[in-house]
Amino acid sequence: MSEAVREVNGNLVVSLTGEIDLDRAPEARRLLLDCVKRSKDVLVDLSAVTYIDSSGIASLVEALQWAKQRGTDLCLVAVSPQALRVFELARLDKVFAIHPDLDAALAGEN
Amino acid sequence: MAAVAQETPTQTRTDDAVVRIQGLQAHYGARQVLHDIELTVAPGEIMVIMGGSGSGKSTLLRHLVGLMRPTAGSVELLGVDITRAPALEMQRLRRRIGVAFQGGALFSSMNVLDNIMLPLREHTQLDRQTMEIMARLKLEVVNLAGAEDLMPAELSGGMVKRAAVARAIVMDPALLFFDEPSAGLDPAVSSALDDLILKLREAMNMSIVVVTHELESAFKIADRITVLDQGRILTVDDVAGIRRSDNARIQNLLNRRAENAEVDAETYLRRLTGEAAPAGDPQAAGTKQDAGAV
C-alpha cells in the first residue's frame, strides 16, 4: 500500500491504494489517525484500493470515531462494490458518509 | 460394497478449486470409514455435505479442517496440501480459513468479545483497538450486537452458534467450514442462520462448506450437495439434481424428511396414549385402525 495526503479547500484528502489487509491495515491506521489529529475534515479516497478487509475497515471506523470526538468529520470516497457489500452487511453505510467521487465529496453530495 | 455411484457430471474440476480432495481414505483402527473420496469446491461456491448418521460426513469434515490425517490421499485447501504442508505454511493457511464448530467451541472462561478476538490475537499483530472493532463488526454481522460482555454460559443455543460464526469469520477467511449449523436450533433460528450463510457468501465472496443432515437447510443454501453413504460419495449434484435423483439411497434420505414433515403431533400423541380420535377425524381414525391391526 502507498498513500498520499494533500489539502484541498481546507480538507485533508487521504488517498489509499492497493490492498489494505491484516498486514497493511496498521500502516493505514497510523496514517488516518495522524490526519485526524490535524483537526481538519478528512476525505478518504479509496478509488485506488483494490481490496480492503475488516482490519482496514476497522481502521476507518476508529478514525471516524476520533474525528467525531474532535468535532471534525471523516468521509469516504469511491468505495468499491466489494467493500460496499461488506459495509452494508455490517450496516456501516449508515455510519459513514460515502461519496461516489472526490468532486461530490468536496461539494458535500452523496 | 457395490461400486460408488457417481451419478452426475456436475463435480467441478477447476484449476482454481479452493478445496480439492483426491483419493482420500480414512480408518478408525482397522475399520475403513472413508473410501476414495474425490471432491472439489469452486471459489465462491456453497458445498453442502450430507448423509445420515454414520455416513462419514463428520469424519470428512475433520479431515478437511486438519483435525485428522488421512490414511491415504490428499486434502488441498486454497492450493495447500494440508496432509503434507510444513508448519509455517499451515500457519499462513489458518489465517485464511474459518471453522464454526457444531457446539460453538467457545472458551467458557472468556466473554464473547474475547472469544471472537482469539484468532486475531493468535495470528496477527494488530493493536487491541483494531481487534475489538473487528470483533464488534462481526457481532453486528451475526446480529449479536450487545453480547460482547456475556459469558458463553449466558448464551442461548442460537447465540452460541452465531458467536461461533462471528469468531470463524473475524479474519475474513476465503474458506469457511460449518459443522451442523442447524443442529439443535428451532426452525426460525435455523432459517436465520441459513440466511446469514448466504449473506456471507454474497458480501464477502467466501467459499463455504457446510456439513449437515438437515435437508431443508441444504436445499436452501447449497450450490451443490455431496451425499455420503457408508463412507463413500453417493452423488454430487445441484439441488434440482438431488431432488429428481432416482437413486434409492437418496430417495430414502428425501423420504425421511417427508416422514418427519408429516408428523401430526396430536395424532401421534393419541396413538401413543390410545386416546380415541375426535369424531370426523379420518386421519386419526385411520391411525387407530392401523394400531388396532397391529
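A salt bridge here is a side-chain nitrogen of Lys or Arg within 4 Å of a carboxyl oxygen of Asp or Glu. By this rule the count comes to 20 salt bridges over all chains. The model is a predicted one.

**Salt bridges**

Three of these pairs are set out below.

| Pair | N to O distance | Relative accessible area |
|---|---|---|
| K40(A) and E7(A) | 3.4 Å | K40(A) 27%; E7(A) 47% |
| E76(B) and R20(B) | 4.0 Å | E76(B) 25%; R20(B) 7% |
| E132(B) and R128(B) | 2.8 Å | E132(B) 15%; R128(B) 40% |

Start with chain A. The side chains of K40(A) and E7(A) meet in a salt bridge. K40(A) sits in the loop between α1 (25-36) and β3, while E7(A) belongs to strand β1 (residues 3-8), so the pair ties together parts of chain A that are 33 residues apart in sequence. K40(A) is partly exposed. E7(A) is partly exposed as well.

Chain B has a pair that links distant parts of the chain. E76(B) forms a salt bridge with R20(B). E76(B) lies in strand β4 (residues 72-77) and R20(B) in strand β1 (residues 19-28), 56 residues apart. Which of the two is buried? R20(B) counts as buried, at 7% relative accessibility. E76(B) is partly exposed, at 25%.

E132(B) and R128(B) both lie in α4 of chain B, four residues apart, or about one turn of the helix. E132(B) counts as buried because its relative accessibility is 15%, under the 20% cut-off. R128(B) is partly exposed. Salt bridges with shared partners join R128(B) and E132(B) with D114(B), R121(B), R136(B) and E148(B) into one network.

**Helix α3 of chain A**

Helix α3 of chain A covers residues 81-89. Its buried residues are A83(A), V86(A), F87(A) and L89(A). Seen down the axis of α3(A), they fall within an arc of 160 degrees, so they line one face of the helix. What do they pack against? In chain A, the partners are β3 (42-52), α2 (54-69), β4 (74-77) and β5 (97-99). In chain B, they are α4 (128-141) and α6. After α3(A) comes R91(A), whose phi is positive, near 60 degrees.

**M206 of chain B**

M206(B) lies in the loop between α6 (187-204) and β8 (207-211) of chain B. Is M206(B) buried or exposed? M206(B) is buried, with a relative accessible area of 0%. Leaving aside residues up to four places away in sequence, M206(B) touches G44(B), E45(B), I169(B), D172(B), P173(B), A174(B), L176(B), L200(B) and R201(B). M206(B) and E76(B) are 130 residues apart in sequence. In space, their C-alpha atoms are 17 Å apart.

**The largest pocket**

The largest pocket holds about 650 Å³. How many residues line the largest pocket? The lining has 25 residues. R94(B), I97(B), V99(B), F101(B) and H123(B) lie nearest the centre. Elements that give two or more residues to the lining are α2 (87-94), β6 (97-100), α3 (112-123) and α5 (157-169) of chain B. Of these, α3(B) gives the most, with four residues. By class, the lining of the largest pocket has 18 nonpolar, three polar and four charged residues.

Technical notes: Residues are numbered from 1 along each chain as its sequence is written. Chains are lettered from A and ligands numbered from 1 in the order in which they are written. This is a predicted model: local features need pLDDT of at least 70, side-chain atom pairs count only at pLDDT 80 or more; totals for chains, interfaces and linings use all residues. Side-chain values use heavy atoms; hydrogens and water are left out. Buried means under 20% relative accessible area, exposed over 50%, partly exposed in between (1.4 Å probe, protein chains only). Contact means heavy atoms within 4.5 Å. The arc is that of the directions from the helix axis to the C-beta atoms. On a 1 Å grid over the protein atoms alone, a cavity is a set of points where a 1.4 Å probe fits but cannot get out, and a pocket is an open set with protein on both sides within 12 Å along at least five of seven lines; lining residues have an atom within 4 Å of a point. Grid points are joined across faces, edges and corners, and a volume is the space filled by probe spheres set on the points. Ala, Val, Leu, Ile, Met, Phe, Trp, Tyr, Cys and Pro count as nonpolar, Asp, Glu, Lys and Arg as charged, and the others, Gly among them, as polar.
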